[in-house]
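Here is a short briefing to read alongside the sequence and the model. Have both in view as you go through the points below.

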Amino acid sequence: MIDQFITLLPELNKSFLETLVMVGIGLIVALIAGLPLGLLLFVTDRDLFLENKWVKSVTGVIVNLVRSVPFIILLVFLFPFTNFLVGTTTGPVAASVSLSVAAIPFYARIVEASARDIDRGVIEAAIACGASPWLIIKDIIFPEIKSGLISGLTITAISLIGYSAMAGAIGGGGIGDLAIRYGYYRYDNFVMFTTVILLIVLVQVIQYAGDFLAKYVKKG
Amino acid sequence: MISIEQLCKVYQTKDRKIIGVDNVTMTVEKGEIFGIVGYSGAGKSTLLRCINILERPTSGKVTLDGIDLLSLSPKELRTARQSIGMIFQGFHLAISKTVLENVAFALKASKVARAERKRRALELLDLVGLSDKANQYPAQLSGGQKQRVSIARALANNPKMLLCDEATSALDPNTTQSILKLLKKINRELGLTIVLITHEMEVVKEICNRCAVMEEGRIVEEGKTYDMFAHPQNALTKRFIQTVLDFNLPKELLERSKGTIVHMKFTGEIAGESVVSDLLQNYDVRGNILHGKVDYIQNKALGTFVIELTGEDKEVQQAIESVNEKVEVEVLPHDRSIHHSAAGAE
């Protein structure tokens, strides 16, 4: 069994790294694009300081549109776009394009939901102080939801690991790909179990680290 | 200072219109503490929020020191808001910021430099008596302390006026008193104009120079606090006054008493005179005090006594007439139960 593991190790390493690349890129894009999008969804909501029915509904519809397409279909659907962007449709970087596209609205909704938990009175008090919208977002909303943003990122990361297995199945690489290639096509249960255990450990570590960080930034 | 003209606020829901504020016109003078009283849903909170345009009026005019607040651009309005501080029933402090940061936020809004922000925030915390709590978080403070922080925040930009939205309603009586004292102090020392809304007549009695009573979005009565307490006109005003000055007698007592029950009200200077003892000395009547109290409103005495006079009908009549010029006398009718309920016993 040890021998088996040692033979598997190089491939396991490679797959693990590929998964990290896919999920990592997805997370970074989610943070860069999903966070502002989520805040936009929040501040343009009814009775808020940048209330805007049009922006809110158009953004909302786009977000829902992406979220309603099953990931495996989104993946295939985005092949031309991926090809245009990175020049190929295989490999972890190509897979991360679709992962990012899925992650943005996912995270945006989480950001929006945690912003909704803020006491509206606090925002109102900031408006009464004569604060500008940008200052309110930066100095009131953002610090108040910081902990929620990290928890949301944890949830997004774990979902992306799940998605990355699907991306792997159609040429993206990663742990999921490894499990399907060996476990499914070759009935190699050893590889199957190893990858499943690896995924379990990965998810646990992410969850634990996320919880720790979320708690750490929560003050007061 | 601030003048509100024909202000209306209407909420349009799918199937009907809800009138929040109905054609209100009022003025608050510089340095005044003005109270708006009403039950929940009377529209007082909406009216207050229209003053700094947290709520945009449907129609009407809000003028602060000659500036029409409704004609300002968003940026100009933000600057104008910096001269109107506001405190709330729920304090509304950012829970992820320290006490100091909460106060400094208001200064950040007015683009005060970092070092100056800290200095000024500490100065404000000193003013409200919380210098030692600067680095604590709101969750570590009591309700009264939180309200002090929010007062410090509201005062940060040297506002001309302070709006108080049920600022003491969530506090216990002791804390309420200390917050009211603080408000009085900043009114006196900083010459700050204060507009407060409340459902507690006690608060009005304690600190307001003038007040208005609101019902269904309208101001039903308005005047100097003393006059409102001494001579309430509107039925609702009377009900509110009664929550503080209640001179209703128990029914059993009214039924038992055989004499003439007289309700005397002493206002202003007269409250200091010995009207009652003169009456008892000069006429052959006996007096039995059933109820009585002297209140000090805006440092003016308002005395109310309920006295049962016994003796010859004629003497009693003359005795009452003798004081009639000096004080307001009301003789309770013989069918007392009716009067009792008409006086608004609930």
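UniProt, in an unreviewed entry, places the feature "domain: ABC transporter" at residues 2–241 of chain B. Please keep in mind that this is a predicted model.

**Domains of chain B**

**Chain A on its own**

- Chain A has 9 helices and 0 strands, and its pattern along the sequence reads α-α-α-α-α-α-α-α-α.
- The C-alpha trace of chain A spans about 70 × 40 × 25 Å along its principal axes.
- Chain A has 220 residues, of which 40% count as buried.
- Among the contacts in chain A with a separation of 6 or more, 72% come from residues 24 or more positions apart.

**Where chain A meets chain B**

- The contact between the chains takes 19 residues from chain A and 23 residues from chain B.
- On the side of chain A that touches chain B, the elements giving two or more residues are α6 (120–128) and α7 of chain A.
- That side of chain A is made up of 9 nonpolar, 4 polar and 6 charged residues.

**Nonpolar cores**

- The largest nonpolar core holds 130 residues, and the members that touch the most others are Val103(B) and Ile194(B).
- Helix α7 (residues 133–172) of chain A gives the most to this core, with 15 residues.
- Which residues does Ile194(B) contact, leaving aside its neighbours within four places in sequence? They are Ile33(B), Phe34(B), Met161(B), Leu162(B), Cys164(B), Leu183(B) and Asn187(B).
- There is also a second, separate core of 16 residues, including Ile261(B), Tyr283(B), Leu309(B) and Val316(B).

**Two positive phi values in chain B**

- As background, most residues other than glycine have a negative phi.
- Phe91(B) is a residue other than glycine with a positive phi, near 65 degrees. Phe91(B) is found in the loop between β6 (84–88) and α3 (99–109) of chain B.
- Asn158(B), also not a glycine, has a positive phi of about 50 degrees. The place of Asn158(B) is in the loop between α5 (143–155) and β7 (161–165) of chain B.
- Is Phe91(B) buried or exposed? Phe91(B) counts as buried because it has 26 C-beta neighbours inside 10 Å, where 20 or more are needed.
- Asn158(B) has 12 other C-beta atoms within 10 Å, so Asn158(B) is exposed, the cut-off for that class being 12 or fewer.

Methods:
Residues numbered from 1 in each chain as written. Chains lettered and ligands numbered in written order. Predicted model: local features only at pLDDT ≥ 70, side-chain atom pairs only at ≥ 80, totals over all residues. Core = buried A, V, L, I, M, F, W, Y, C linked by C-beta atoms within 7 Å. Helix = DSSP H or I, 4+ residues; strand = E, 2+ residues; numbered from the N terminus. Contact = placed C-beta atoms within 7 Å. Nonpolar A, V, L, I, M, F, W, Y, C, P; charged D, E, K, R; others polar. UniProt positions renumbered as here; feature names shortened; annotations may be inferred.
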